[in-house]
Amino acid sequence: EYDEANRIQDNGPNYNTSKPTTDAYRKLKMLSTIQMTFLGAPMVYYGDEVGMYGADDPSDRKPMLWPDLLPYEDAEERVESDVLEHYRWMMAIRHTYPALQLGDYEPVHVDDAKRIFAYSRTLGGESVLVVLNGSDEPCDLDVPVTWPDGAGVVQLDDQSQCTLVLPDGSDMTARAKIQPKPDRKASNLKVASGRLKGTMLAPRSGSIFTIVRHAGTN
């Protein structure tokens, strides 16, 4: 009974079955950034990674949106390519940096007024910073870090700064990884006086940063 509001057959016309909005998908991508960088083992319910939507049981057992099943019964349903690409990158970032899997967690910045939240994951000498903008407005990046002034910083979710390296298929246990581009253009990211400043944070988004220790590697 507690769950009947989430089931179409119980809540009838009161349940909103419409396709999620662009803002809803933006929130989903931000939440997946948290999921792949926070404590614990992430679990993706099938279809979330392609933007599937629907109510509780039995709608949560709809067929997966495989391309070979086209056309789908619902013309509104489709693989949201930007959502799928985001999940791929977030999972690759997690697989690349052990700090995101096993590292210590520490909140480093909380600004309720601007709805900015930042936390670090560290393991040994590896440190990854996650900055979230939960507001509806863009915001300048300005958060405290323990990195030395002048350290080279790369934004791991920026495809102009990094590339997605896929496994060759010979090792079934291999996973996609993220690699900073050796020829990437200079960014405006700067560590000075114990703070990371630079790039603009988009509304409802998360960004992930780390230090590049050697050219072309992380």
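**Close-up views of a predicted model**

**View 1. Confidence along the chain.** Among the elements of the chain, helix 1 (residues 8–11) has the lowest confidence, with a mean of 85, and strand 2 (residues 116–123) the highest, at 98. The score is pLDDT, the predictor's confidence in each residue, from 0 to 100; helices (H or I, at least four residues) and strands (E, at least two) are DSSP runs, numbered from the N terminus. This is a predicted model, in which local features need pLDDT of at least 70, side-chain atom pairs count only at pLDDT 80 or more, and totals for chains, interfaces and linings use all residues. Residues are numbered from 1 along each chain as its sequence is written, and side-chain values use heavy atoms, with hydrogens and water left out. The chain has an average pLDDT of 91, and 97% of the residues score at least 70.

**View 2. Residues 214–218.** Over this stretch pLDDT stays under 50, and the model has nine contacts for it beyond four places in sequence (contact means heavy atoms within 4.5 Å). Where pLDDT is low, the predicted coordinates should not be read in detail.

View 3. Three bridges join strand 8 to strand 9 (residues 195–201) in the antiparallel sense, and Ala-192 has Arg-195 of strand 9 as its bridge partner.

**View 4. The largest pocket.** Its volume is about 430 Å³. A pocket, on a 1 Å grid over the protein atoms alone, is an open set of points where a 1.4 Å probe fits, with protein on both sides within 12 Å along at least five of seven lines; lining residues have an atom within 4 Å of a point. A volume is the space filled by probe spheres set on the points. Of the 27 lining residues, Arg-26, Lys-29, Asp-82, His-86 and Ser-205 are the closest to the centre. Helix 2 gives the largest share of the lining, six residues.

Technical notes:
Pairing = 2+ DSSP bridges.
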